[in-house]
Every structure is written in structure tokens, then in C-alpha cells.
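This report goes through one protein structure, moving from its annotated domain to its ligand site, a helix pair and some backbone details.

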Amino acid sequence: MSDAGAGAGIGTEGRNTDGKFGEYGGQYVPEALMPAIEELTDAYERYVLDNEDGFVDEFRDRLRDFGGRPTPLQRAERLSERYDTEVYLKREDLLHGGAHKLNNALGQVLLAKYMGKERVVAETGAGQHGTATAMAAAHLDMPCEVYMGETDINRQRPNVFRMRLNGADVTPVTAGRGTLKEAINETMRDWATTVETTHYVLGSVVGPHPFPAMVRDFQAVISEEARRQIREQTDGLPDSVLACAGGGSNTMGAFAAFLDDEDVSLHAVEAGGSSLTVDEERGVAPNSASLSTGGEGVLHGARTRLLQDDDGQILESHSVSAGLDYAGVGPELAHLVESGRVRAVNVDDDAALAAFHRLSNMEGIIPALESAHALAYLERVAGLDGPATEGSSGKPRDEAHDDLGDTVIVNVSGRGDKDLETVIEETDRREIEEAPEMDVFTEGL
Ligand SMILES: *Cc1c(COP(=O)(O)O)cnc(C)c1O
């Protein structure tokens with residue numbers, strides 16, 4: 001690969017752009033959505049891959065001026081000492097909005113403009129993607145409607161307020177349990193009837209083609225920068241790259257520019273939740289580890305790996321971090337794991353919480369609970385997290401204990417301010433070594 005990031009188009013050669021990733025991917029959508037999907041595929045090829053009308057240049061300029069890119073690649077001094085490995089943090093927490101999500105939201109809202117659309121819709125679960133989309137829409141003067149489950153609206157008040165501040169309409173979805181799954185269905189329904197005027201800003205590398213390829217291309221800026229930065233700082237490439245995986249957009253973004261560097265090992269860290277054992281009776285998987293434990297099936301328009309029971313019913317997932325709490329995963333990531341290029345591992349809720357505290361008090365960076373999963377994996381590999389027990393780690397100790405090498409990049413996908421309330425509650429119930437006395441904080445609340 002050429003030195004990606006040095007102004008190259010986003011869809012650089014070698015990257016898969018046809019939406020078929022081995023057996024995964026595709027376009028499993030109802031007839032009514034096909035015109036929208038075809039129009040979007042055409043726009044993806046023209047504007048994103050071929051830089052028609054200078055789309056890619058404008059995208060990069062706006063990422064710089066509005067988003068604050070490039071984000072730093074920072075050597076973490078205490079962590080490097082602790083793990084006897086050079087640990088570098090890719091600071092997506094410093095992107096405008098506090099997470100990597102703006103890369104994709106800005107790309108898609110800008111694309112909607114180039115396509116001549118008058119309005120964007122989006123779905124959101126915890127509210128992070130809705131917030132990023134509302135910000136991008138305000139920035140580009142585009143009307144924005146965000147569908148959000150009623151249950152989620154009630155648990156995510158600050159994000160609802162942020163979206164409304166940015167001028168977006170937040171529409172409650174009352175169907176089912178009133179969470180992300182129902183919000184996605186409602187957004188698809190809206191899109192199917194408003195195709196002419198509306199673009200659907202999907203939040204991760206999931207869904208029908210072209211979304212997985214396109215969202216990856218918008219997020220690839222993470223690894224394009226990181227690859228250039230690590231070479232400037234160390235004169236070489238890293239031995240490994242770690243990123244947490246929910247749908248997998250920060251993961252694919254952190255890996256994309258390293259895929260052809262065969263000596264760089266890539267680790268996708270999933271949410272092991274509270275246990276890896278499925279509760280068949282209640283239809284619940286107390287984790288979100290679809291790569292490590294899921295089966296093959298179709299979810300939201302793509303063939304991929306997902307959490308399902310023996311009859312193919314989607315299981316309810318769980319993670320202490322809302323952003324990882326999803327029953328599926330992007331089809332390209334599923335394929336890269338199957339082909340052996342990416343290793344899928346998982347850490348549980350407790351390990352992620354401990355890592356949240358550790359990065360905060362050792363390095364002065366409060367990470368998102370999602371990102372804390374990637375950081376927790378360092379502890380596991382160093383053998384500092386105690387013996388692996390069923391439910392606390394996906395694999396027997398030796399298998400999980402992969403050598404990360406001398407230089408590791410960890411993608412810090414976002415900042416943790418949004419997670420403080422969850423962390424106070426969850427830490428209170430556990431004994432976490434690095435944690436301060438939590439009643440100090442809760443007394444005043
Ligand atoms: C949403 C989110 C994630 C998970 O989404 P991916 O598509 O898997 O990247 C991870 N980290 C943060 C900070 C998030 O907001």
C-alpha cells in the first residue's frame with residue numbers, strides 16, 4: 001500500500017469495496033429499500049471512491065477544521081512501564097464530540113449534500129451516534145431526525161438534550177423494548193418511504209452494502225494517521241494494534257491502513273459482559289461477544305456473525321458499555337476474523353471497569369467504557385488480571401496470552417465523561433483495586 005493518509009483518496013486500492021467479504025456482507029433488504037441502496041451505492045462509488053466534485057478533499061478539510069484532526073498518537077509513559085511494552089494511544093477521545101463517531105457522521109451528512117438530499121435520518125441507542133449526526137447536520141445546515149427507543153430516551157437525557165440543542169428532532173420509538181433494535185427498524189421504515197429526499201446515516205460498519213465499506217472508509221482516517229505518526233515517532237510499524245469492537249467501526253478504522261502489513265497483528269476486543277454463557281430460557285446472552293461466541297446469520301441487511309439461539313432468534317445482548325451492546329458485528333470484521341487476519345478476544349465488565357480507573361489515574365485520561373475494553377486486554381496479556389475463569393475471559397489463559405510485541409497501538413475510541421454515572425454505580429458494587437472510594441462521590445449526589 002502507498003503511504004496512506006498522504007492525501008490519497010479514501011478508497012485506496014487493495015481495500016474491499018464491493019461489499020462481499022467472503023461469505024459475509026451483501027444486501028439483504030426488502031424490495032422497497034433497493035432503490036435507496038442502489039442510489040447510495042452509486043454515490044459511494046462516485047464521490048467516495050472516485051473523489052468526484054472533490055468530495056474527499058472537502059471531507060478531509062472539514063475533519064481538520066471542524067473535527068480537530070489529526071488526533072494525537074501519544075506514548076503512554078506509565079502504561080509502557082507497567083507492561084514493559086511501548087504503548088501508544090490513538091486519541092480519538094480528542095476528536096470533536098469526544099469519540100470517533102464524528103468521522104462517519106460528517107462523511108455521510110456531507111455525502112447526503114453531494115447527493116442533493118434535503119434531510120438526514122439516523123438511529124441511536126445510547127445517543128452517541130445520534131449526537132454525532134446532529135452535530136454534523138448542524139454544521140452542514142441539514143435538517144436531521146433521530147429515532148431513539150423510548151427506554152433509551154429516558155436513560156440518556158444529556159444526549160437527547162445535546163441532539164435537540166443542535167437542532168435535531170428526536171423521535172421516540174415505543175415498539176418492542178424501546179431500544180436500539182426497534183429504532184433501527186423505524187429508521188429503515190422512514191427511509192423506504194422518503195428515499196427521494198432523505199439519506200439514512202447508519203452508525204457503524206454494519207447493514208447492507210455500501211454501508212460497511214463506506215463507513216470503514218470514513219473511519220480509516222484513524223489508521224492512516226496512526227500509521228504515519230508511529231513511523232515518525234518510532235521509525236517503524238507497531239507489532240500490534242488493539243481496538244474495541246461493538247459494530248466494529250472504530251475497529252475497522254484502526255485496522256484498515258495496517259491490513260496489508262502482515263507483521264502487524266490486529267486484535268478486536270469484544271465485550272465479554274458478565275458471562276459468556278447464554279441464558280437460553282430468557283433468550284439473553286449476558287455479553288456482546290458475537291465474534292467470539294456468535295453464529296452465522298442475517299441481521300439488519302447483511303450476513304454476519306451474531307448472537308442467536310438454536311432457532312435463529314436474535315438474543316438480547318449485554319455490556320456495561322452501551323456502545324458495545326449490540327447483537328451483531330460488521331461483516332468485514334467477521335470475515336477478517338474467520339480468515340485469521342484479525343484475532344477476536346474479549347474481556348468482561350469487571351476488567352473494563354478496572355481499566356477505566358487505571359487509565360484515568362495513571363495517565364490522566366478518562367476513557368469511554370468501550371475503549372476501556374481494549375485497554376483491559378493489555379492487562380490480560382501481561383498476565384496481571386488474575387487467572388482466567390469461565391465467564392471472565394473468552395479463552396483459556398494460554399490461548400489468550402498472545403504476545404503483543406514491543407510496540408502496541410491502542411485506539412482510545414472515545415472519552416468517558418458520558419460514563420461517569422454508570423461507573424460510579426458499577427464500581428460501588430465491586431472491589432476494584434485502582435478505584436477511589438466511590439461513596440466520596442455518591443454522598444453528594
Ligand atoms: C459507539 C462507540 C463504540 C462502538 O462502536 P463501533 O462501531 O464498534 O466502533 C466504541 N467506542 C465509543 C467511544 C463509542 O462511542
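The paragraphs below take these topics in turn.

The model is predicted. In the UniProt record, an unreviewed entry, the feature "domain: Tryptophan synthase beta chain-like PALP" is placed at residues 67–381. That span is 42% helix and 19% strand, and its end C-alpha atoms are 34 Å apart.

Lys101 belongs to helix α4, which comprises residues 101–114. Which residues does Lys101 contact, apart from its neighbours within four places in sequence? The partners are Gln128, His129, Ala132 and Gln219.

Lys101 is also listed among the closest residues to the ligand, together with Ser204, Gly248, Ser249 and Ser413. In total, 16 residues surround the ligand.

**Helices α14 and α17**

Helix α14 covers residues 349–363 and helix α17 covers residues 420–428. The two pack with an angle of about 115° between them, and their axes are 11 Å apart. The crossing of α14 and α17 is left-handed. On the α14 side, the residues involved are Leu353, Phe356 and His357. On the α17 side, they are Leu420, Val423, Glu426 and Thr427. By class, the residues of this contact are four nonpolar, two polar and one charged.

**Backbone details**

Most residues other than glycine have a negative phi, and most peptide bonds are trans. Against that background, a few places in the model can be listed.

Arg69 and Pro70 are joined by a cis peptide bond with omega of about 0°. Pro70 sits in the loop between α2 (55–65) and β3 (73–75). A cis peptide bond also runs from His209 to Pro210, here with omega near 15°. Pro210 is in the loop that lies between β8 (198–201) and α9 (211–219).

Where is Asp53 found? Asp53 is in the loop between α1 (34–49) and α2. Although Asp53 is not a glycine, its phi is positive, at about 55°.

Note on methods
Residues are numbered from 1 along each chain as its sequence is written. This is a predicted model: local features need pLDDT of at least 70, side-chain atom pairs count only at pLDDT 80 or more; totals for chains, interfaces and linings use all residues. Side-chain values use heavy atoms; hydrogens and water are left out. Axes are lines fitted to C-alpha atoms, for helices over the stretch in contact, and angles run from 0 to 180 degrees between N-to-C directions. Helices (H or I, at least four residues) and strands (E, at least two) are DSSP runs, numbered from the N terminus. A crossing is left-handed if the near helix is turned anticlockwise from the far one by less than a right angle, and right-handed if clockwise. Contact means heavy atoms within 4.5 Å. Ala, Val, Leu, Ile, Met, Phe, Trp, Tyr, Cys and Pro count as nonpolar, Asp, Glu, Lys and Arg as charged, and the others, Gly among them, as polar. A residue is near a molecule or strand if one of its heavy atoms lies within 4 Å of it. UniProt positions are given in the numbering used here, feature names are shortened, and annotations may be inferred rather than shown by experiment.
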